[in-house]
Amino acid sequence: MSDVLTVTDLAVRFTGEGGIVDAVEGVSFALKERETLAIVGESSSGKSVTALALMRLLGGPPNCVVRGQVTLRRQDGERLELLSLPEARMASIRGRDIGMIFQEPMTSLNPVQRVGAQIAEGLHAHERLSARAASDRAVSLLGHVGIPEPALRARAYPHQLSGGMRQRAMIAMALACRPRVLIADEPTTALDVTIQAQILELIRALQKETGMSVIFITHNLGVVAEVADRVLVMYAGQVVEDAPVATLLGRPLMPYSAGLIASVPRLDDVRRRGGRLAAIPGNVPDPRARPAGCTFHPRCAHARPDPCEAARPALEAAAPDHAVRCARWREIAA
Amino acid sequence: MSGTGAPLLEVTDLAKHYPITGGRTLRAVDGVSFTLGAGEVLGIVGESGSGKTTLGRTVLRLTAASAGTIRFRGEEITDYSRRRMRPVRRHMQLVFQDPYASLNPRMSVEQILAIPLQVHEPGLKRAERRDRIEAVLSTVGLFPEAASRYPHEFSGGQRQRVGIARALICNPALLVADEPVSALDVSVQAQVVNLLLDLRQRLGLAILFIAHDLAVVGLISDRVAVMYLGRIVEIAETTTLFARPRHPYTEALFSAVPDIGGRHDRILLQGDIPSPVSPPSGCPFRTRCPYAEAACAEALPPLVERAPGHFAACRRPELTLSSPLSPQPVSRFAADA
Amino acid sequence: MSAAAPLGSALPAPARGARRPALRRFMRHRLAMFGLAAIVILVVACAIGPYLSPYGPLTIDLRHRFQPPFLGPHLLGTDQLGRDLLVRLLLAGRISLTVGFAAMGLSTVFGVIVGLAAGFYGGWAGTALMRFVDAVLCFPQIFLLLTLAALVSPGVLTITLIVALTSWMEVARVVEGQIRSLRERDFAVAAEAIGVSDTHLMLRELLPNVMAPIVVAATLTVARAILLESYASYLGYGIQPPTPSWGNMLNNAQEYLTSAPWLAIVPGIVITLAVTGFNFLGDGLRDALDPRLDIHR
Ligand SMILES: Nc1ncnc2c1ncn2[C@@H]1O[C@H](COP(=O)(O)OP(=O)(O)OP(=O)(O)O)[C@@H](O)[C@H]1O
Ligand SMILES: Nc1ncnc2c1ncn2[C@@H]1O[C@H](COP(=O)(O)OP(=O)(O)OP(=O)(O)O)[C@@H](O)[C@H]1O
Ligand code: SF4
Ligand SMILES: [Mg+2]
Ligand SMILES: [Mg+2]
């Protein structure tokens with residue numbers, strides 16, 4: 001299995017009125033064919049920005065500067081440096097080679113165009129289908145993602161659909177051209193669990209059939225356990241842990257990952273109704289003023305002034321396939 | 001007006017129908033009745049598109065009901081005009097599913113939070129307003145500097161807190177929270193859930209808590225209603241519902257919950273997902289129900305009290321359905337035997 | 001394009017910057033820049049040109065009657081009385097452009113009010129209002145204009161009013177449709193849930209989100225207003241001589257079409273320039289302000 005997408009030292013800096021935000025700092029990973037990589041992490045840790053940077057969908061300088069390397073290997077073996085591709089070329093990559101499901105369906109769907117037409121547009125542009133064939137395909141895609149009476153719903157405007165249906169419409173749009181890489185940013189958050197199971201099944205089937213690789217951004221560690229092969233945990237713009245799913249969920253090394261896993265509500269919690277969830281204390285650091293040393297230290301139960309506040313820890317290999325960014329991971333592991 | 005034993009909110013036979021192209025009708029909500037006491041939390045779960053959002057908004061009179069009545073703090077508000085609703089609104093607030101779309105991108109957080117105060121407490125001085133805004137920001141766990149920022153400068157989770165802050169700033173009695181935590185990561189979700197638990201205790205806040213995460217619903221709700229195709233198909237006390245679901249859809253919901261423990265066997269629903277435009281005859285769930293019999297197609301099963309306070313709309317009360325708390329041998333076969 | 005999705009993208013650029021990509025798209029739009037240049041040049045020339053010319057609009061230069069353009073002291077030639085065509089053209093431009101802009105202003109304000117009310121309150125009255133708009137739109141505008149113009153005594157003010165009266169429907173329709181869809185959007189529902197007044201909801205939440213289509217429609221309205229005024233004046237129902245307007249200059253040129261074609265050609269070119277200029281500008285604005293290209297709605 002070879003790498004379809006390689007990301008090296010990706011960094012994104014926003015310069016706004018309020019100051020400088022390093023939304024993403026030095027993120028690297030490689031995505032293999034057929035692999036599902038989950039990205040989890042605190043809100044505002046830079047997951048969506050990473051995804052948008054790969055797709056080149058962030059605004060340009062001076063407000064936003066993207067550095068690093070993103071290499072896509074296409075079906076025919078051609079290697080493309082996405083960050084330096086001309087915009088026109090990039091537009092043809094989007095939707096065809098890399099599909100994306102956006103975090104918030106309402107703002108990504110055109111409010112004044114019918115849903116079916118929006119999906120058909122992509123098929124029409126990338127697959128050169130006739131308008132008629134494209135709209136038929138759009139309807140059948142809507143059926144595949146579990147929208148009842150798809151022919152009728154294709155004619156609805158986004159606001160006439162429920163939240164979950166909008167999300168499914170987005171999914172249909174992203175899957176329309178059978179991309180090589182699918183970036184799914186919280187694709188199932190607005191769905192009930194039965195439909196969620198169905199969508200995960202659909203993605204899995206497509207993956208089996210076409211060898212599609214998936215970057216799955218989610219907060220739901222249950223879903224991670226179901227779909228992911230590997231997990232990338234992000235905190236304050238950096239990767240803090242990178243491990244196979246079983247290792248990460250079973251034996252996390254970075255205290256933040258551990259805290260994340262501990263705070264997952266489980267069905268059994270109903271027995272202690274009204275009881276609190278184990279939340280990680282404190283708040284996300286203001287991205288304009290991140291703490292020195294380990295960015296997690298103000299919230300970390302294992303923090304010691306000596307290694308933790310001194311310098312930003314490096315991403316170290318705890319095992320060949322397990323990287324962790326914590327100054328005290330050896331003590332914690334022991 | 002309130003607190004005299006009468007429930008805070010009383011919804012009777014509520015329906016919301018949308019006319020759609022071709023002269024047909026979409027029954028988004030149909031025949032829904034429930035009550036909500038002051039300080040009570042009613043969880044609402046169900047199929048995507050089953051009318052949860054519509055129910056919440058109809059209750060808040062943001063869309064007009066097609067039939068039925070809504071009583072809030074003893075007043076029947078079903079037919080209130082927009083103008084008459086205005087003073088009522090400070091006591092009933094809404095938190096949205098999609099934090100991106102519900103905040104006006106052209107306003108700073110301070111401006112957003114100032115509007116409810118301007119509307120409902122116009123006498124407030126500038127400095128007092130500032131203080132209130134700062135206080136509510138800290139209640140929802142945002143740093144005070146957030147006030148001067150614009151919604152687009154926050155990530156999804158932070159934005160949702162702004163939405164919650166806006167709903168809370170005038171101290172409402174009823175909060176309709178439409179999937180308030182689905183956009184949050186687990187650790188923040190835990191904080192917000194704890195926050196809502198807290199607010200409920202401290203402020204006696206009644207919450208209509210709409211969510212897909214059954215674990216969160218189980219933790220926070222006193223009672224839970226399960227919706228399917230615009231109707232409540234089961235409603236009961238939380239622990240009872242979790243221990244012994246009495247509707248096959250509830251069972252399927254529980255079984256589909258992805259668990260951090262990894263992949264497990266589940267009831268994957270088969271069959272056509274019905275549409276609220278042309279619902280199937282009889283039981284709305286029968287097209288996907290593993291226990292459906294021929295008789296299920298005949299008449300709509302009414303919501304019947306099967307145990308004290310436990311109502312279910314299934315014509316096969318003899319089924320023993322599995323739940324996350326009482327793992328059964330695959331009950332499908334038990335029922336067949 | 002599946003880019004339809006991406007474009008409405010997840011992470012909006014900063015509020016100020018949000019206008020910048022639109023500005024950049026606009027600056028890159030060649031035709032729009034051409035249109036803008038044409039309009040600016042016309043407006044400036046009409047405003048100050050007449051003061052710079054040695055000839056007055058009524059100065060009769062009998063030695064140079066029917067002087068063709070570029071072949072004598074008068075740059076763009078003269079008419080049957082030897083009046084300088086350029087000066088007359090610029091003065092006529094003042095009238096025509098004023099009529100265009102004023103009619104645009106009036107019809108936009110009126111159209112926005114009607115559209116806003118109909119879209120916001122909807123219901124029976126809103127539907128009736130919009131059906132009426134549709135009915136009026138079906139009626140050829142120029143007929144309407146001529147019918148009205150025949151009934152009242154023509155003048156700058158009346159023609160402005162008449163043109164405005166026949167052009168607000170388009171704006172009303174655009175605004176009504178947008179408002180109706182925006183009302184369902186979460187941020188509007190949120191404001192309503194708070195209990196804000198209708199005026200606040202309309203003016204502070206909804207209207208700012210419809211500015212883009214309004215601006216586009218307004219620009220295109222100027223083009224149409226100029227054209228309509230020219231038609232009417234050309235047919236003799238519009239601005240009456242001696243007040244010059246581009247339309248009545250054409251009317252006057254009719255008699256000399258074979259002997260002095262430039263009398264028709266020159267105003268014709270200017271009208272075309274102004275109208276296409278505004279149309280190009282409108283197209284450019286439409287592309288630049290396309291909400292789907294904008295990072296946040
Ligand atoms: N256009 C922008 N201008 C300035 N800062 C931005 C911009 N977009 C994002 N940010 C900041 O970048 C950081 C990363 O945001 P991002 O949306 O990637 O978080 P996330 O991990 O996807 O969070 P969530 O789980 O809540 O969606 C945040 O601090 C956010 O405030
Ligand atoms: N304005 C509208 N016009 C027409 N149909 C609508 C409108 N709003 C909602 N609907 C329909 O009503 C039904 C219920 O929608 P609703 O948004 O209440 O579902 P939901 O239970 O909240 O779903 P989700 O969990 O996906 O958010 C859906 O079939 C939806 O398409
Ligand atoms: S009534 Fe029949 S179809 Fe409906 S849930 Fe019960 S068993 Fe299933
Ligand atoms: Mg995100
Ligand atoms: Mg909903």
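Biologist: How many helices and strands are there in chain A?

Modeller: In this predicted model, chain A holds 13 helices and 12 strands.

Biologist: What makes chain A as compact as a globular protein of its length?

Modeller: The globule rule gives 20 Å for 334 residues, and the radius of gyration of chain A is 21 Å, which is close to that value, so chain A is as compact as a globular protein of that length. Along its principal axes, the C-alpha trace spans about 65 × 55 × 45 Å.

Biologist: Why is helix 11 of chain A called largely enclosed by the rest of the structure?

Modeller: A residue counts as buried when its relative accessible area is under 20%, and 6 of the 8 residues of helix 11, which covers residues 255–262 of chain A, are buried, so this helix is largely enclosed. The buried residues are P255(A), Y256(A), S257(A), G259(A), L260(A) and I261(A). For chain A as a whole, 59% of the 334 residues count as buried.

Biologist: What makes up the shell around ligand 3, by class?

Modeller: The shell has 8 nonpolar, 1 polar and 3 charged residues. Among the residues around ligand 3 are C283(B), C289(B), C296(B) and C314(B), together with R286(B), R315(B) and R316(B). Since Cys counts as nonpolar and Arg as charged, the cysteines C283(B), C289(B), C296(B) and C314(B) belong with the nonpolar residues, while R286(B), R315(B) and R316(B) belong with the charged ones.

Definitions and conventions: Residues are numbered from 1 along each chain as its sequence is written. Chains are lettered from A and ligands numbered from 1 in the order in which they are written. This is a predicted model: local features need pLDDT of at least 70, side-chain atom pairs count only at pLDDT 80 or more; totals for chains, interfaces and linings use all residues. Side-chain values use heavy atoms; hydrogens and water are left out. A residue is near a molecule or strand if one of its heavy atoms lies within 4 Å of it. Helices (H or I, at least four residues) and strands (E, at least two) are DSSP runs, numbered from the N terminus. The radius of gyration is taken over C-alpha atoms; the globule rule is 2.2 Å times the number of residues to the power 0.38. Buried means under 20% relative accessible area, exposed over 50%, partly exposed in between (1.4 Å probe, protein chains only).
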